[in-house]
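Have the sequence and the 3D view open while reading.

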Amino acid sequence: MRKFFCINDVLDREHSGWLNGLTEDEIKTPLCYKTKVSLNNKNPNGEIIRVEEGIHKEKILTLPYKYKDKKTNISYLSTELPASKISLKLFRNKKILFVENVGKFNVEVDKKIVKGKYNLLIPERPILKILNPEYFSEKIGGSRFVETWFRMISEKGKQEDIFLHYGSYSKGCVTVLNNRSFSVWNKIYLTLMSCRLNNKYLAALLIT
Amino acid sequence: MEILLDFYSKIPWLNILPIFLSVIIIRLFYLAFKNKWPELYFSVSDYTSLFISVSPIRYFSFTLLPAIIISSLILSFFVKNFRIQNLELTGLSIGLIHSLSTNGVAFWKLLSKNKSIATFFNKYFQMSMHAFTIILISLSGYIGGFLGKQKFLIPFIPTWAVIDNIWAALFSSILTVFFYKIYRNEYISEDIIIEKSKNSLSASLVKHLNTICEKYQANKDLVMAICITENIQRPLWVRKIERVKSYVFKSGTYGIMQVQSNKYIDDYKSIEIAVEEFFKNTASFSDNEITNLLSKYNSDSKFLYFAVASYYYLLPKG
């Protein structure tokens, strides 16, 4: 029987929640924190895994070791798979995002986003835009995970570029606003990444 | 001159050691200020040099006081513990070696029209300044030797504390130079320093750390943060020097966790001892508890700053 693992040990600021695996053609493929994988093999260069969820599902990748010397290899993988389920509610008029068991957060919502049920996709890649450096500073409420945006897929409509993300208002998105006293996005990110609806989505978001 | 030659012909090794140590520490002190000896006196392009050379009192304090203070402290330690003789001449030698290797070299370069030295204002004025400084620094060393004999200098400090202080001074100088050099040319963030230190740890050491932390239910990120910090402050090559030091002075702090011990202990053992003594059952500690524990472990402000920064480098708040 296949044994499952997940990407772990990537929460430091060097990785900021992402680990690049290499395809057979040496193409970099980013996997987010807690991505479920199965281990096919190990070799001196790394661990050969199969991605078991998300957009990269079924890809065979080589993951590097976190630490490596002549005698010892330390893996990024862990057996602590994400299992919890949470619900998110967005109150459009009040501009409040409610995350079950975590709290309420101030948001900015684009007017074009319609009420209804959305699912949050497992992130596929970091969004490498030029962002305000303050967003990364956790001393003033920023987060190392600001490059992780969660794509929202409407249960009714087609796939659009609607994201739940942190920072300053952007068109067509739900933007979680800064709170200088604590890192809002760290809380939301860590909560969402530990949740799964299925092997495609993290959680559901209801907009009312 | 004859007295000096006579002194040097009879010089015992215990007099060489303080000379060697003092000259190194003086040099490191100036390196920390990016003092490109001896251009400092005339340069106006370097802000540090400008700040120092703008006032004669500041200039002479900066030039002479380090030689006096460092030589007197080192010599007082050696006279107390090894009863060395000829303190003034040893001090004079410290000043002379230091000044000849800096101002003397510059003087020679000016004399031989070497292009590697910048000339300012009047060449002969510059040469006479160097010659004058050689005399003054040598005299400072002499004064340092005289002061080193005085009992008031270290009457209450135990030997181990003096040794530790000398090492601490040496390592602080190395660290300051390291950081100064890093920040001088380009901006390198705190994160990069932490990242480099983290990635320089060996896999077997990290594996050992993980095993020990699991055994004692210790907070892995916290222990790792301390390893990263100590590895910045005392990198592997410095810890190797500490090992050599342990053959002479057994007592000290050893290993990557800088554990106090009466004999040498390696990185692996230092993790075991530190985790067992300080970090048992800390796996679920809150942020406040972590900070308190760190300050109990080592209250030095620089250590605390980097340890907390390393901890939150590894683990996001939230």
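## Terms and basis

A residue is buried when its relative accessible area is under 20%, exposed when it is over 50%, and partly exposed in between (1.4 Å probe, protein chains only).

This is a predicted model: local features need pLDDT of at least 70, side-chain atom pairs count only at pLDDT 80 or more, and totals for chains, interfaces and linings use all residues. Residues are numbered from 1 along each chain as its sequence is written, chains are lettered from A and ligands numbered from 1 in the order in which they are written, and side-chain values use heavy atoms, with hydrogens and water left out.

## Chain A overall

Chain A holds 1 helix and 17 strands. Both are DSSP runs, numbered from the N terminus: helices are H or I with at least four residues, strands are E with at least two. Chain A has 208 residues, and 52% of them count as buried.

A contact means heavy atoms within 4.5 Å. Take the contacts in chain A between residues at least 6 apart in sequence: 58% of these join residues at least 24 apart. The accessible surface of chain A is about 10,800 Å², and carbon and sulfur atoms account for 50% of that. Areas come from the Shrake-Rupley method with a 1.4 Å probe; for residues, only the protein chains shown count as cover.

## A salt bridge between chains

Side chains of opposite charge can pair when their charged atoms come close. Here a salt bridge is a side-chain nitrogen of Lys or Arg within 4 Å of a carboxyl oxygen of Asp or Glu. The whole structure has 18 of them over all chains.

Which residue of chain B pairs with A:Glu14? The partner is B:Lys198, at 2.9 Å, N to O. A:Glu14 sits in the loop between β1 (4–7) and β2 (18–22) of chain A, and B:Lys198 sits in helix α8 (residues 190–199) of chain B, so the pair joins two chains. B:Lys198 is buried, at 2% relative accessible area. A:Glu14 is partly exposed, at 32%.

## Pairs within a chain

A:Glu155 and A:Lys117 form a salt bridge at 3.9 Å, N to O. They link distant parts of the chain, 38 residues apart: A:Glu155 is in the loop between β14 (150–154) and β15 (163–166), A:Lys117 in strand β13 (residues 116–121). A:Lys117 is partly exposed, at 41% relative accessible area.

In chain B, B:Glu214 and B:Lys220 meet in a salt bridge at 3.1 Å, N to O. B:Glu214 is exposed at 51% relative accessibility, whereas B:Lys220 is partly exposed at 33%. Elsewhere, salt bridges that share partners join A:Asp9, A:Asp12, A:Glu14, A:Lys66 and B:Lys198 into one network.
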